[in-house]
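Please read this briefing with the sequence and the model side by side, and look up each named position as it comes up.

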Amino acid sequence: MRRSLSVLGPVALALVVLQGLSAADPSAMLPLHVGNHWGYVTTSGTHQVETITGTRTLRGRTVFVKSYAEEPNVGLENYWLTGPEGEVLLAGFLRPGSGVAYDPPIVLCGGAPVVGDTWPTHVTSYDLADSTLSQTFDITYGALEDVSLLVPAGRFPCIGVGQVVPGISLAVAGFVGDGLTLDGRRVTGLQVAAGGVPSDWYSPGVGVVQYGYIEMYRLEEYGVTTPALATSWGAVKASYR
């Protein structure tokens with residue numbers, strides 16, 4: 001049965017905040033706990049380190065801050081929540097020269113996803129500097145593939161997610177080529193209009209194992225609170241069916 005998650009009501013948002021501040025759930029698609037970190041490397045040798053460095057209040061919600069240590073995203077912060085079923089919710093980002101807040105947060109990945117699931121969100125974006133309204137848009141992410149990925153950190157069962165057609169780029173930058181994703185990362189070959197192409201691969205209890213478009217960032221080391229074993233993926237999925 002296909003599931004969808006749309007705009008969250010007040011009760012659901014309260015659950016989101018409570019779940020986001022709890023200890024990392026082994027079934028969470030992006031474990032959020034201060035100190036969790038992920039290191040990535042590309043085939044060309046570019047490295048990136050992403051660390052949960054703290055929390056902040058963003059449009060009345062307490063969110064987790066993920067900070068980036070290496071170019072081309074050094075200085076980037078993006079802001080995350082975990083949904084009540086382990087969903088990955090993006091609340092905004094800040095990088096030198098630009099920043100936005102999303103209200104409600106964008107659903108990038110559902111909890112215990114299966115291929116064919118979609119997660120539409122009706123979003124209003126605000127300029128992070130002065131809270132002025134930027135624009136309102138509809139965006140839908142979906143589970144596009146179920147795959148086992150071998151990366152430098154090991155082999156992980158993953159769900160590949162991406163924007164469902166029509167794809168859009170960042171609310172404050174719409175251009176093809178080197179561009180910004182919705183969470184503020186600068187990537188090579190951003191596919192703005194195509195949609196239907198995985199951009200991030202999640203494994204429960206681990207987080208993002210691989211991301212990118214033309215050049216892929218592949219997980220080479222990580223440290224998360226209470227990570228799930230890679231072999232538990234089938235059990236995690238079965239428990240939601």
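In this predicted model, Ser131 is found in the loop between S7 and S8, and Ser131 has a positive phi of about 65 degrees although it is not a glycine. Ser131 is partly exposed, because its relative accessible area of 48% falls between the 20% limit for buried and the 50% limit for exposed residues.

- Leaving aside residues up to four places away in sequence, Asp138 touches Thr121 and His122.
- Asp138 and Ile106 are 32 residues apart in sequence, and their C-alpha atoms are 9.6 Å apart in space.

- The chain contains 2 helices and 14 strands, and 12 strands form a closed barrel with antiparallel pairing, in the order S1-S2-S3-S4-S5-S6-S7-S8-S9-S12-S13-S14.
- Within this sheet, neighbouring strands are turned against each other by 30 degrees on average, with direction ignored.
- In general, strands of a sheet pair through backbone hydrogen bonds, and the pairing is either parallel or antiparallel.
- Of the 241 residues of the chain, 52% count as buried, while the chain exposes about 9,700 Å², of which carbon and sulfur atoms supply 57%.
- Among the contacts in the chain with a separation of 6 or more, 52% are made by residues 24 or more positions apart.

**Aromatic side chains**

- The structure holds 4 aromatic pairs, and one of them joins Tyr40 and Tyr211, whose ring centres are 5.1 Å apart and whose planes stand at 70 degrees, so this pair is edge-to-face.
- This pair links distant parts of the chain, since Tyr40 lies in strand S1 (residues 37–41) and Tyr211 in strand S13 (residues 207–212), 171 residues apart.
- Tyr40 counts as buried because its relative accessibility is 1%, and Tyr211 counts as buried because its relative accessibility is 2%.
- Tyr211 also forms an aromatic pair with Tyr217, and this pair is stacked, with 4.9 Å from centre to centre and 10 degrees between the planes.
- Both Tyr211 and Tyr217 are buried, and together with Tyr40 they form one aromatic cluster.

**Gln210 and its contacts**

- Gln210 is found in strand S13, and its relative accessibility of 10% is under the 20% limit, so Gln210 counts as buried.
- When residues up to four places away in sequence are not counted, Gln210 touches Leu149, Ser199, Asp200, Trp201, Met216, Tyr217 and Arg218.

**Charged side chains over rings**

- The charged end of Arg59 sits over the ring of Tyr126, at 3.6 Å from the ring centre.
- Lys66 lies over the face of Trp38, and here the distance to the ring centre is 5.3 Å.

**Backbone geometry**

- Most residues other than glycine have a negative phi, and most peptide bonds are trans.
- Against that background, Arg59 has a phi near 50 degrees, a positive value in a residue other than glycine.
- Arg59 is placed in the loop between strand S2 (47–58) and S3, and at 36% relative accessibility it counts as partly exposed.
- The peptide bond from Glu71 to Pro72 is cis, with omega near 10 degrees, and Pro72 is found in the loop between strand S3 (61–68) and strand S4 (77–82).
- The peptide bond from Asp103 to Pro104 is cis as well, with omega near 0 degrees, but Pro104 has its place in strand S6 (residues 98–109).

Technical notes: Residues numbered from 1 in each chain as written. Predicted model: local features only at pLDDT ≥ 70, side-chain atom pairs only at ≥ 80, totals over all residues. Heavy atoms only, no water. Helix = DSSP H or I, 4+ residues; strand = E, 2+ residues; numbered from the N terminus. Buried < 20%, exposed > 50% of the residue type's maximum accessible area, 1.4 Å probe, protein only. Contact = heavy atoms within 4.5 Å. Areas by Shrake-Rupley, 256 points an atom, 1.4 Å probe, with all protein chains shown as cover. Phe/Tyr/Trp six-rings, centres within 6.5 Å; stacked < 30°, edge-to-face > 60°. Lys NZ or Arg CZ within 6 Å of the ring centre and 35° of its normal. Pairing = 2+ DSSP bridges. Axes fitted to C-alpha atoms, helices over the stretch in contact; angles between N-to-C directions.
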